[in-house]
Amino acid sequence: MPNKVRLAITRLCLFFNAICSNVLNPVKLDELENEVAIILRQLEMYFPPAFFDIMVYLIVHLVREIKCCGSVYLWWMYLVERYMK
């Protein structure tokens, strides 16, 4: 895999790691919102347009939802779904 593609995917993983942490720094949320836009532009350069559907672009809105609702782990349903099997 080319280094530029690997770097873009790694930055996307670090973004998800940052928003899924238990403690969020409100100052860094604006920085994360700008960062994810740059990451998606990098991915658009390396992957074909068929790769991008509306679900990929919803990543941009995750930081805004964190500002409104609080931490991600509090409103994702994975724990309930895992409990209900």
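Predicted model: local features only at pLDDT ≥ 70, side-chain atom pairs only at ≥ 80, totals over all residues.
Just after helix H4, Gly70 takes a positive phi of about 105°. Of the 85 residues in the protein, buried residues make up 25%.

**Overall make-up**

- Read from the N terminus on, the elements of the protein run α-α-α-α-α-α.
- Among the contacts in the protein with a separation of 6 or more, 71% are accounted for by residues 24 or more positions apart.

**The largest nonpolar core**

- The largest nonpolar core holds 16 residues, and the members that touch the most other members are Phe15, Ile19, Leu32, Leu43 and Ile59.
- At least two residues of this core come from each of helix H1 (3-19), helix H2 (26-46) and helix H4 (62-69), and H2 gives the most, with six residues.
- Leu43, one of the residues that touch the most other members of the core, is in contact with Ala8, Ile9, Leu12 and Phe52 when its neighbours within four places in sequence are left aside.

- The buried residues of H4 are Leu62, Val63 and Ile66, and, seen down the axis of the helix, they fall within an arc of 100°, so they line one face of H4.

**H4 against H1**

- Two packed helices are described, in general, by the angle between their axes and the distance between the axes.
- For H1 and H4, the packing angle is about 5° and the axes are 11 Å apart; because angles under 35 degrees count as roughly parallel, H1 and H4 are therefore roughly parallel to each other.
- In this contact, Phe15, Phe16 and Ile19 of H1 meet Leu62, Val63 and Ile66 of H4, and the residues involved divide into six nonpolar, no polar and no charged.

**H4 against H2**

- The axes of H2 and H4 come within 9 Å and cross at roughly 160°; because angles over 145 degrees count as roughly antiparallel, H2 and H4 are therefore roughly antiparallel to each other.
- Here Leu29, Asp30, Leu32 and Glu33 in H2 meet Val63, Arg64, Ile66 and Lys67 in H4, and the residues of the contact divide into four nonpolar, no polar and four charged.

**Tyr46 in H2**

- Tyr46 has its place in helix H2 and is partly exposed, with a relative accessible area of 31%, a value that lies between the 20% under which a residue is buried and the 50% over which it is exposed.
- Although Tyr46 and Val5 are 41 residues apart in sequence, their C-alpha atoms are 6.6 Å apart in space.
- With its neighbours within four places in sequence left aside, Tyr46 is in contact with Lys4 and Val5.

Definitions and conventions: Residues numbered from 1 in each chain as written. Heavy atoms only, no water. Core = buried A, V, L, I, M, F, W, Y, C linked by side-chain atoms within 4.5 Å. Buried < 20%, exposed > 50% of the residue type's maximum accessible area, 1.4 Å probe, protein only. Helix = DSSP H or I, 4+ residues; strand = E, 2+ residues; numbered from the N terminus. Contact = heavy atoms within 4.5 Å. Arc of directions from axis to C-beta. Axes fitted to C-alpha atoms, helices over the stretch in contact; angles between N-to-C directions. Parallel < 35°, antiparallel > 145°, perpendicular 65-115°, else oblique. Nonpolar A, V, L, I, M, F, W, Y, C, P; charged D, E, K, R; others polar.
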